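Okay, everyone, have a look at the model on the screen.

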Amino acid sequence: MSGDAIHTFVVLAYKESAYLEECIKSVLNQKYPSKVLIGTSTPNDHIHGLAQKYGLDVVVNPGSKGIGYDYDFAAHCGTTELVTIAHQDDFYDYTYSDRIVAAYAASKNPLMIFPGYYAIKRGKRVYMDLNFVFKGIMLYPLNFTPLQGVRFFKRLSLRFGDPIMCPAVTYVKAKLPSPLFACDDLICSVDWFAYEVLSREPGEFVYMKDRLMGHRIHVGSTTSKTIGANIRTEEDVYILKKFWPTAIAKLVAKLYKASEFANDPK
């Protein structure tokens with residue numbers, strides 16, 4: 001790998017995922033030669049074995065208190081200007097980091113850069129469902145480059161739900177508050193929590209509609225578990241109250257929940 005790379009994938013690994021190796025192979029097989037690390041708070045033989053197989057360093061977070069703390073840890077593991085927190089179950093297309101680096105170079109003051117994504121469900125790629133329709137509507141203002149740095153439109157994109165796929169996002173490391181993701185009140189929605197914080201900062205949410213990565217939906221995923229336990233709806237209200245009065249936040253959360261059925265792995 002090139003020592004001059006400005007982008008790092010930190011593959012956030014947890015316990016023993018059957019999809020971790022596929023994710024590792026995808027981030028190593030990039031047109032742009034990104035650096036790759038594995039970050040974990042649950043070191044084990046499975047993770048270390050794959051790291052040894054592919055010549056990767058493993059960085060261990062010994063004091064993790066939850067997923068938000070793991071994300072903050074991963075975001076600061078890399079030494080490059082750009083960092084992507086890659087989820088162990090997901091897949092990154094060959095041009096992902098190349099397009100990200102090009103978008104970064106073309107932007108004036110980016111906070112984060114993210115493309116569209118597709119779902120991977122039962123081994124097949126899914127490009128359209130109710131979830132994608134809702135998210136496309138919410139992200140529509142960010143299709144226009146002049147609006148990507150306007151606070152009103154950054155926050156508008158987040159006011160009715162979280163349309164941004166967390167593992168698709170690349171962060172500009174120097175622009176990240178520390179901590180950013182950590183929140184003791186949240187289990188799942190730490191990414192939406194972080195975007196709300198960043199939406200108040202000067203800078204751009206650089207969005208590309210092209211779908212450059214795949215998000216895997218399966219029974220073992222955190223998203224599927226929290227939706228099934230109704231934790232997600234409670235957390236949605238917590239975040240929405242940052243945009244709306246409580247009564248309206250609860251109403252918006254009910255409307256947003258309709259899109260969650262697309263995350264049913266069955």
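So, Asn44 sits in the loop between strand S2 (35-40) and helix H2 (45-54). Those labels are DSSP runs numbered from the N terminus: helices are H or I with at least four residues, strands are E with at least two. And this is a predicted model: local features need pLDDT of at least 70, side-chain atom pairs count only at pLDDT 80 or more, and totals for chains, interfaces and linings use all residues. Residues are numbered from 1 along each chain as its sequence is written, and side-chain values use heavy atoms, with hydrogens and water left out.

Is Asn44 buried or exposed? Asn44 counts as buried because its relative accessibility is 16%; buried means under 20% relative accessible area, exposed over 50%, and partly exposed in between, with a 1.4 Å probe and protein chains only. A polar atom of the Asn44 side chain lies 3.1 Å from the backbone oxygen of Thr42. If we leave aside neighbours within four places in sequence, Asn44 is in contact (heavy atoms within 4.5 Å) with Lys15 and Glu16.

Next, strand S6, residues 110-121. Twelve of its twelve residues are buried, so S6 is largely enclosed by the rest of the structure. Which strands does S6 pair with? Pairing here means DSSP finds at least two bridges between two strands. With strand S9 (residues 204-217), S6 pairs in the parallel sense over eleven bridges, and Pro115 stands opposite Met208 there. Strand S8 (residues 170-172) runs antiparallel to S6, joined by two bridges, with Ile113 opposite Thr170. Strand S7 (residues 124-126) is antiparallel to S6 too, over three bridges, and Ile120 has Arg125 as its bridge partner. S6 and S7 make a hairpin with two residues between them, and Arg122 in the turn has a positive phi of about 55°.

Now the inside. A nonpolar core is a set of buried Ala, Val, Leu, Ile, Met, Phe, Trp, Tyr and Cys residues joined through side-chain atoms within 4.5 Å. The largest one has 43 residues, and Met112, Phe114 and Tyr171 touch the most other members. Helix H7 gives the most to this core, seven residues. There's also a second, separate core of 35 residues, including Leu50 and Tyr117.

Last stop, helix H3 (residues 67-75). Its buried residues include Tyr71 and Ala74, and the buried residues of H3 pack against strand S1 (7-13), strand S4 (82-87) and helix H7 (190-199).

Definitions and conventions: A polar contact is a pair of N or O atoms within 3.5 Å; within protein, one must be able to donate a hydrogen and the other to accept it, and residues adjacent in sequence count only if both atoms are side-chain atoms.
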